[in-house]
Amino acid sequence: MTGDYLEHLNEAQRKAVIHTEGPIMIIAGAGSGKTRVLTYRVAHLLQMGVDSFNILALTFTNKASKSMRERIAKIAGNEARNLWIGTFHAVFAKILRIEGHKLGYPPNFTIYDTDDCKSLMRDILREQNLDDKVYKPSLVLNRISSAKNNLYSYKEYQDNIEFTNDDHLSGKPKIGELFELYVKRCRKSSGMDFDDLLVNMFVLLRDHPDELHKYQHKFKYILVDEFQDTNYAQYMILKRLAAVHENICVVGDDAQSIYAFRGANIQNILSFEKDYPDLNIFKLEQNYRSTKNIVSAANSIIANNKAQIPKEVWTENVVGEKIKLMKALSDNEEGNMVANSIFDDKVNNQMHNLDFAILYRTNAQSRAMEEALRKMNIPYRIYGGLSFYKRKEIKDLLAYFRLVINHHDEEALKRIINVPARAIGKTTIEKITVVAGEKDKSLWEVMEQLSSDHVGLNSGTREKIGEFITMIKSFSVKLKELNAYDLASIIATSSGLLRELYADKTPEGLSRYENIQELLNGIKEFTETGNSITPRNDEEMYDDDPAKRTLDVFMQDIALLTDADEGDDNDNDKVSLMTIHAAKGLEFPHVFVVGLEENLFPSQLSVNSREDLEEERRLFYVAVTRGERKVTISYAASRYRWGNLISCEPSRFVEELDPEYMEEVGGRGSSGRGTRMNENNHGWNNDFSRSKIFNKQTSFNSTPQPVFNPKGHLKKMNSSDIKNFVGEDVSNIQVGMEVEHGRFGIGKVLHLEGKNPDLKATIFFEGIGQKQLLLKFAKLKIIS
DNA sequence: GGAGGCCTCGGAAGG
DNA sequence: CGAGGCCTCC
């Protein structure tokens, strides 16, 4: 690694990279080189002699961790081998496999995916004789998930008057009970759901000081990507891990927070500085991705949000084309207009299919786009369909592997005990489940001791169960003897699974058989090269001992995997179709954002709450900022929805977009409605109205508050709950002035340092003491 | 125990 | 309209 790598960075980026000690927060605008800063920062740490063993980098997606690993390896090479780079879930799963015994988990615990959780909840509801129309499994699970993500145990949930009141009012008083049953049942199966990986990591650090100490000292430098997406549990884990060295660097963009609906707590980003008074904040505001028109248009959209950290994204790029607006009569016409536009661009501007992306709010919108593209013979690819690992046949085979590794895995057992059919039916399983409940055993344990447990099954069934148990055990014996591929093949064959699929000569059956072969090929590759299709840490990747490449190792975090590696088909010149959520982090020369209609985008479920509406607006912001050279937005006057033709109104977001940066195409006259309040919008520090708007949103809480997933209808605790204290412009603040603060009360300014935008004041508050406040965040009023 | 008809419901989606 | 879960009938 050479020293000149810092020259690839602009001033702000370089500062963020070389400021290695102490807590820092990087607010990274769209297209501002965030990934570059993160990877260079790690490279810089290594260059400075930091042991790679002491660095932890956390991401949200496997994709992000994979690309970060690759980019760091490019700069830092072999020095990067012991870095811990991974998703929150993968890293915590890895730690919990080592330390989980302290919490009563075996190292081979199963990770339950959402389908497992749902089916378990269904079983529990059935056993409790509860109506699953009232207690919808997904709703109950959402509520449990929200509670877990906010670190409430089932006991705390049951003792919490607000939760139980809510549940009574909504006619579902048993949720607390279901929570408990669910947790105990997961335990009995030695299973953790995704939330448990966070909860248990937190509990490990909370209840085991030796563990806390160990990992605090291991992870001397912590980096967090997409910090705006963290939830409360993740935040509290980070806080504990970083408590000794406080070398924590978080990177995020509040304007791109689009996952509050699944528990992300935007409060974390606003509260971070309150928890770290000596926090350094860096802003990356120069956009390298898009034209001036696109950047300005995006800025004009996001300016409509009240909750935001002030920043001004700008670019030195060319002005470029204005945002194109297309109006269609129907969803089908919209598709045709998009396809035609792609065709024109290809012919006139020598563009390729892969230069285009069509982004939509809901998956259902892809149909009209697909039809239009097919008609014009434009190849396309849809992202985010049914994942490889969600396919039935794959899940079946994986369930065999799971049961071989962990006999107590109830969901795996129930999935495959009769696949292929071996005459062990529902009634039998029900009887076994009842006994298991009575004796507090796992299903496997009951099945193993059928005679002593008096389950009341006829001898034929008992024999069948005995055969099944013997078969699984015979596989388990070989776990450490055989390599992953050999054992997997034996299981696929001896279980009869492969034979059954082979016998099915329908096209679907054929494709299922091929999928199984593909999975086996993946396992073969793992066995031969040690390269897993699952992301791993380098120390494992470089592990040259093939004897360690056993099936249980392969399976360790397969449940954390959602999509198989994509893009290896030989023809990649295709138009990309995906939801806006899926497009986050990507960029394309020409982006289409379709379906800009009220009740679709913004979704009708969002229009009644300002928080939800602002998230939709951030989503639109994300969509527009994917574009490099050209962005086209469109809406239709009517579209099919669930089989009915409905008429549509243009989205409010179209009007919010500053018409200066937009023009209508398709020849039906301009839509120059709506004037702008904030033209000539300059830097936030000079813009009184904007900083005031922002101030209304700032939280005073030094610890982030739990925020519940709205879907679960738990108590929503967000900015509207926080005392509404309006600050004012304090740019003329002087030492000696008296000021008022929303939470600390009246105080006296003792000292000022830094300059706008990072002016920091030291203020003495009576009865509270000295506080350092960053003026751009603090809500202050000058009294005298 | 399995196939096929019936009913219900519908947001986006990471691990 | 379409997917997925459940129930019924064989």
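**Reading the sheet and the DNA contact**

Guide: In this predicted model, the surface near DNA strand C has one nonpolar, one polar and two charged residues.

Visitor: Which residues lie around DNA strand C?

Guide: Arg122, Asp132, Trp642 and Gly643. A residue is near a strand if one of its heavy atoms lies within 4 Å of it.

Visitor: What makes a residue here nonpolar, polar or charged?

Guide: Trp counts as nonpolar, Gly as polar, and Asp and Arg as charged.

Visitor: Of the atoms of DNA strand C within 4 Å of the protein, what share belongs to sugar or phosphate?

Guide: That share is 36%. The rest belong to bases.

Visitor: What is the strand order in the open sheet?

Guide: E3-E2-E6-E7-E1-E8, six strands with parallel pairing. Strands E3 (84-87) and E8 (280-284) each have a single partner strand, so one side of each is left without a neighbour in the sheet. From one strand to the next, the twist averages 15°.

Visitor: Why are strand E2 and strand E6 called a pair?

Guide: Pairing needs at least two bridges. E2 (residues 55-59) and E6 (residues 221-224) have four, in the parallel sense, so they pair. Ile55 has Tyr221 in E6 as its bridge partner.

Visitor: Which helices lie across E2 and E6?

Guide: Helix H2 (residues 34-47) lies across E1, E2, E6, E7 and E8, at about 170° to E6. Helix H4 (residues 88-99) lies across E2, E3 and E6, at about 115° to E3.

How values were computed: Residues numbered from 1 in each chain as written. Chains lettered and ligands numbered in written order. Predicted model: local features only at pLDDT ≥ 70, side-chain atom pairs only at ≥ 80, totals over all residues. Heavy atoms only, no water. Helix = DSSP H or I, 4+ residues; strand = E, 2+ residues; numbered from the N terminus. Axes fitted to C-alpha atoms, helices over the stretch in contact; angles between N-to-C directions. Contact = heavy atoms within 4.5 Å.
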